[in-house]
Amino acid sequence: MVKHQPLQVYERQLCLSCITGIYGCRWKRYQRSHDDTTKWELLWSLILLLTFFLLFVWSYFWWEADNDYNEFNWFLYNRSGEWTDGTVPILATTAAGFTYVSFLMVLALCHVALGQQLNLHWLHKIGVTAALLTTIIGIVSVNQTWGQEWDVVPISLQATGPFLHIGALAAATALSWIVAGQVARAEKTIFQVVVVLLYLSMLLGLYFLPLYITSPCIMDPSSLKPRPEVFGHQGDPMLAPENTLLSFQRALQMNVTGLEADVTISMDGVPFLMRDLTLRRTTDVEKLFPDRERNKASQFNWTDLQQLNAGQWFLKYDPFWTVNKMSLREKNLTAKQSVCSLEQLLRLASFHNSTVVFRLRRPPPEHPCYTTWINDTLQVVQQSGVPQSLVMWTPDDERAQVKRFAPGFIQTSLVKRTPKDLQSSGISRLLLRYNQVNTNDITDYSRNNISLTLYTVNEPWLYSVLWCSGVASVSSEAPHILKKVPYPIWLLRPNEYCLMWVSADLISFAVVIGIFILQNYHTIRYRMSGMRSYNPEQIMLSAAVRTSSRDINVMKEKLIFSEERNGGSAEELFEEHGFDSYTNQSISQ
């Protein structure tokens, strides 16, 4: 019997096996294919791509929303009545989902680069579907409960846009290796033209994107305004329980310019500091007054309020993950905190010559002080001895009367209004959430001598953007963090930024052209050599139509190993399984 040469020497391809195995559970050679991807699998590839981009946006949103995590937890508390850190499970699942989908995207790109047929395993399809549905549900939920927070995305792009552009440009440039390979190996001209046009359109869009990127931090450093003043929003609630004397003392230690608080009036007319409508979250009211724990804070008299502990909840829930950094002495001080009155805050501010701004909540109609709440508060301000020039007065009710009683107050509005309207009302200061104004608004207010204070600013990147925008002051829950920001995180002159992105575009373009030339050179050289590389999974069996795929797979494996192991011929194996025989020569033709 004539001994035939083996069809192909078997070489282990561990990297390829891992790529196809993890992606589609195709660990063996005979399971892989270089055929065109089916329309069904192309649909799943599009679903995977959509899931990746949605998760990217979702992850970016939560990354930048770090400034407002406490606000989100407070919203959850108001809806559920229980205090929990709702950001932890969201961040954990988002990180896991994005990592998983990104890994599948990399594997899919590797399949395309290696010319392998895409065939996502059904378990991965379930995982991608779960990630997609979870992300969509999360986006819808945020829109309904915390819709205003989406404004953080365009605001954050003022800080990250130039660098995200460089990252996107690098990714698109790297993608040219796969695109060039597909174009070079394609047989149909129409496919080549479509792919090249789509890729070039994306690339040109990225090249000219900086024309539409705006950031206040792209400016001449000589025009940078003074560093914005910092107000302690409820003191420094990351280091001590909010709205307590200890919290305000911590803020003053960070050299804040002013203190901000929320004020409620008790049944006996004593203004005290409390953010929530009830006392359940920040005091031990359920322990001392279990039958009244769900009553509004304004339904307690000052004698009852003084009995409550306002510090133990901070040690129990650790809302900012800072308790483990506190010393034993600090923990003991925290545990002894009580409800703070407005008069105590004003005396503290007067001693340190610090400005005070407070939001005064009007009592309900059945409250004894419903009609006298303004006068009761003014009397407390007068009794405290604080200079009028240190008080920022925010209530719009009876503002004319307040001006006559205390003409030295800094009249402040909590509602966005035009500079002309503010000036006609005698208001010289505006206190707004940071997403309620843009750069043009800030410039307009500054031009009309309206001092603008924005809350709540906790992250250095946001503080830097507002600084470059010309904001006069910010209110922060983290004055100890902003204290460490002596200069904007980044500042680029317009000509420097122009040079940066033009250089990046030119480098990218040169690399892309080089890659396309290199891929085409290798393809032409390969075709001119007349060489063909046949992998075992590429062998076409003539009886494939009339034989089950399982029999064909078994045949492929035996065909690879049998001649080396047993010295048998290919023809014998074909005849054994009922296939038409052929020789090596027929394959090479």
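User: What should I know about the model before I start?

Analyst: This is a predicted model, so to speak of local features we ask for pLDDT of at least 70, side-chain atom pairs count only at pLDDT 80 or more, and totals for chains, interfaces and linings use all residues. Residues are numbered from 1 along each chain as its sequence is written, and side-chain values use heavy atoms, with hydrogens and water left out.

User: OK, how many helices and strands does the chain have?

Analyst: The chain has 23 helices and nine strands. These are DSSP runs numbered from the N terminus, with helices being H or I of at least four residues and strands being E of at least two.

User: And what share of the residues counts as buried?

Analyst: Of the 589 residues, 49% count as buried. Buried means under 20% relative accessible area, exposed means over 50%, and partly exposed is in between, using a 1.4 Å probe and protein chains only. As for contacts (heavy atoms within 4.5 Å), among those between residues at least 6 apart in sequence, 65% join residues at least 24 apart.

User: Let's do strands. Is E4 enclosed or open?

Analyst: Strand E4, residues 355–360, is largely enclosed by the rest of the structure, because six of its six residues are buried. Both faces are covered: Thr355, Val357 and Arg359 are buried on one side, and Val356, Phe358 and Leu360 on the other.

User: Which strands does E4 pair with?

Analyst: Strand E2 (residues 258–265) runs parallel to E4, with six bridges joining them, and strand E5 (residues 391–393) pairs with E4 in the parallel sense over three bridges. Pairing here takes at least two DSSP bridges between the strands. Asp262 has Arg359 of E4 as its bridge partner, while Val357 is bridged to Met392 in E5. From E4 the chain goes through helix H14 (residues 373–384) to E5, in a right-handed β-α-β crossover. Right-handed means that, with the strands pointing away from the viewer, the path from the first strand over the helix to the second runs clockwise.

User: Switching to helices. At what angle do H4 and H6 pack?

Analyst: Helix H4 (residues 87–114) and helix H6 (residues 152–185) pack at about 35°, with axes 9 Å apart. Axes are lines fitted to C-alpha atoms, for helices over the stretch in contact, and angles run from 0 to 180 degrees between N-to-C directions. The contact uses Leu109, Val112 and Ala113 of H4 with Leu175, Ile178, Gln182 and Arg185 of H6. That splits into five nonpolar, one polar and one charged. Nonpolar covers Ala, Val, Leu, Ile, Met, Phe, Trp, Tyr, Cys and Pro, charged covers Asp, Glu, Lys and Arg, and the others, Gly among them, are polar.

User: And H3 against H4?

Analyst: The axes of H3 (residues 69–80) and H4 come within 10 Å and cross at roughly 115°. Tyr69, Phe72 and Asn73 of H3 meet Thr87, Ile90 and Leu91 of H4.

User: How much of H18 is buried?

Analyst: Nine of the ten residues of H18 are buried, including Trp461, Ser464 and Cys468. H18 is followed by Gly470, with a positive phi near 100°.

User: What does Cys217 touch?

Analyst: Cys217 touches Ser464, Val465, Cys468, Trp490, Leu491 and Leu492, not counting residues up to four places away in sequence. Cys217 and Ser464 are 247 residues apart in sequence, but 7.9 Å apart C-alpha to C-alpha. Cys217 is buried, with a relative accessible area of 2%.
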